[in-house]
Amino acid sequence: MKKLMIFATLMAAAGSAMAMSEGEYVAKAADCAACHTSPQGAALSGGVRFATPVGEIYSTNITPDIQHGIGGYSFEEFDKAMREGIAKDGHALYPAMPYTSYVKMSGKDMRALYNYLMKEVKSQPVANRENDISWPMSMRWPLRVWNSAFLEDGEFIPQADKSAQWNRGAYLVQGAGHCGACHTPRGWAQQEKAVDEKDMAFLSGGELDGWSAPSLRGLKISQPELVTLLKTGRNTHDAVSGPMGEVITNSTQFMTDDDLNSMAVYLLSLKAEAQPAPVKKTVATEAGQQTFMRYCSTCHGVKGDGKDSAIPALAGNLTVNAENPQTLLRVILYGAQTPVTAEHMSNTMPGYGWTLTDQQAADLTNTLRASWGNQAAEVTPGEVAKARKAGK
């Protein structure tokens, strides 16, 4: 019943997408709801928990409530928070808020977003939850030092030798879309190692909150199939789940086909560095094959080819072959759901952590990563245990 209600809501939202204001569209592209709307909370009233190396951070109320939200912010104060990570009262924001990406947004889009939040969003008198960070890590002044070291100033500048479509895609991916927040590896100070395509580290894969985000460089997918994946969460052979599923449900499904095509053009232009063969390439085991035939083959097929537009193929699967196996392991242990969109109900894969030991899950994972042309590094029972702990 809950899924039907969600689906009906999304259908209504899709039907009114053309009537969406410019500011609401920017809010969708920036995926504000994902971070500022908790599962049981009012829209944009905050309270979403983020686990960080220094402790747990909770997102804030960004409705126009004067006391608890941003109702007292002038545009200049809002713009400073969005671009520099500095709140109205002068305290520095944690870079879990992706101001390092939003700094690239245009003044026009920033003004539209401000007008939307102030004039179209319902005010919610919801108090902000205190972060759970112990002293001295709770001190904010070091964040200003962090900003001076890692925050790159300035709006996105189009490249004259690139097409308008490529530049639009780059602007959306690097700025409002903040794709690098998950898909770019982080350095010693938790900074993204790169902010644009000039550095091969940009969008080369990352890990966040126990999930691994695959590299978006050198994608082997057609432009129409990539657009369909961003729009619906699935295409003929692929499907997404986990945090990326939330991005599609809250954000990319509402974007125009022109913008999705622009993003696809940009992403498909990114070349990948040649990867060395795994130091210890995995092999399929009899135990892993038996587990696959018992739990996986009915849906994914004995050849790992899945079912078109319904169940993703395992052969050539980006998650199956990822250097970091954490997302694959979490899916095996805890299951997965494709995103709910205006075009599709969610498909659910059950988790098997309740019945598989760490060794059995490792054997299954290694068999998947060594079959049907797949080639990836061996996974150990210790890595399974890490994923099991992260998913609790």
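Author: This is a predicted model. Strand S1, residues 49–52, and strand S2, residues 55–58, pair in the antiparallel sense. Four bridges make up the pairing of S1 and S2.

Reader: How many helices and strands does the secondary structure of the protein come to?

Author: The count is 17 helices and six strands.

Reader: What radius of gyration does the protein have, and what would a compact globule have?

Author: The general idea is to compare the value with a rule based on chain length. A compact globule with 392 residues would have a radius of gyration near 21 Å. The protein has 21 Å, which agrees with that rule. Along the principal axes, its C-alpha trace spans about 65 × 50 × 50 Å.

Reader: What percentage of the residues count as buried?

Author: Buried means under 20% relative accessible area. Of the 392 residues, 46% count as buried. The accessible surface of the protein comes to about 19,700 Å², and carbon and sulfur atoms hold 56% of that surface.

Reader: Which share of the contacts with a separation of 6 or more comes from residues 24 or more positions apart?

Author: Such residues account for 63% of those contacts.

Reader: How many positive and negative side chains are there, and how far apart do the centres of the two sets lie?

Author: The protein has 36 positive and 40 negative side chains. The centres of the two sets lie 4 Å apart.

Definitions and conventions:
Residues numbered from 1 in each chain as written. Predicted model: local features only at pLDDT ≥ 70, side-chain atom pairs only at ≥ 80, totals over all residues. Heavy atoms only, no water. Helix = DSSP H or I, 4+ residues; strand = E, 2+ residues; numbered from the N terminus. Rg over C-alpha atoms; globule rule 2.2 N^0.38 Å. Buried < 20%, exposed > 50% of the residue type's maximum accessible area, 1.4 Å probe, protein only. Contact = heavy atoms within 4.5 Å. Areas by Shrake-Rupley, 256 points an atom, 1.4 Å probe, with all protein chains shown as cover. Lys, Arg positive; Asp, Glu negative; His and termini not counted. Charge placed at Lys NZ, Arg CZ, Asp CG, Glu CD. Pairing = 2+ DSSP bridges.
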